[in-house]
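Please look at the model below with the terms and their cut-offs in mind. The questions that follow ask what each label rests on.

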Amino acid sequence: MSKHSIQIGTSMNKSPEEVIAFLADVRNRQKYQQSLAAVEDIQGEPTAVGSSWKWKWEFAGHPLEGTAECVEYTAGQKYAFVTEGGIASRFEYQATPDGKGTNLTIRVEFEIPAALASAAKPEEL
């Protein structure tokens, strides 16, 4: 397996509460993750730690699928989930107010299976 970590930041004109609530609702996920083919079988309230769902992802032309679980949620501040299956990962979103809106930091740690490591660059996720 090939381990990688990516961190990016952005600012937006929404409150931290709105940003984290939108990101934590897995039903919104396909609106901003174009490679995500499906989110299914949602178990529990999306913002509840322990809630889970099944996902299907298209990675460099290869279909992958697995499960995900919410592991952290603090309204208006932080949301994190982990995935297992086709790609093991941890997505973490941290929101801080900036006076006009929100600064959002996104950190993703992931392991690409060896069979796919040469198929695409990590930034193509």
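This is a predicted model: local features need pLDDT of at least 70, side-chain atom pairs count only at pLDDT 80 or more; totals for chains, interfaces and linings use all residues.

Residues are numbered from 1 along each chain as its sequence is written, and side-chain values use heavy atoms, with hydrogens and water left out.

Q: What makes a set of points a pocket, and what volume does the largest pocket have?
A: On a 1 Å grid over the protein atoms alone, a pocket is an open set of points where a 1.4 Å probe fits, with protein on both sides within 12 Å along at least five of seven lines, and lining residues have an atom within 4 Å of a point. The largest pocket has a volume of about 690 Å³, a volume being the space filled by probe spheres set on the points, which are joined across faces, edges and corners.

Q: How do the residues of the lining of the largest pocket divide?
A: They divide into 24 nonpolar, six polar and four charged residues; Ala, Val, Leu, Ile, Met, Phe, Trp, Tyr, Cys and Pro count as nonpolar, Asp, Glu, Lys and Arg as charged, and the others, Gly among them, as polar.

Q: How many aromatic pairs does the structure hold, and why is the pair of Phe81 and Phe91 called stacked?
A: The structure holds five aromatic pairs. Rings of Phe, Tyr and Trp (its six-membered ring) pair if their centres lie within 6.5 Å, and planes under 30 degrees apart count as stacked, over 60 as edge-to-face and the rest as tilted. The centres of Phe81 and Phe91 are 4.7 Å apart and their planes are at 5°, so this pair is stacked. Phe81 lies in strand β5 (residues 78-85) and Phe91 in strand β6, so the pair ties together parts that are ten residues apart in sequence.

Q: Which residues does Phe22 contact?
A: Leaving aside neighbours within four places in sequence, Phe22 is in contact with Asn28, Lys31 and Tyr32, where contact means heavy atoms within 4.5 Å.

How values were computed. Helices (H or I, at least four residues) and strands (E, at least two) are DSSP runs, numbered from the N terminus.
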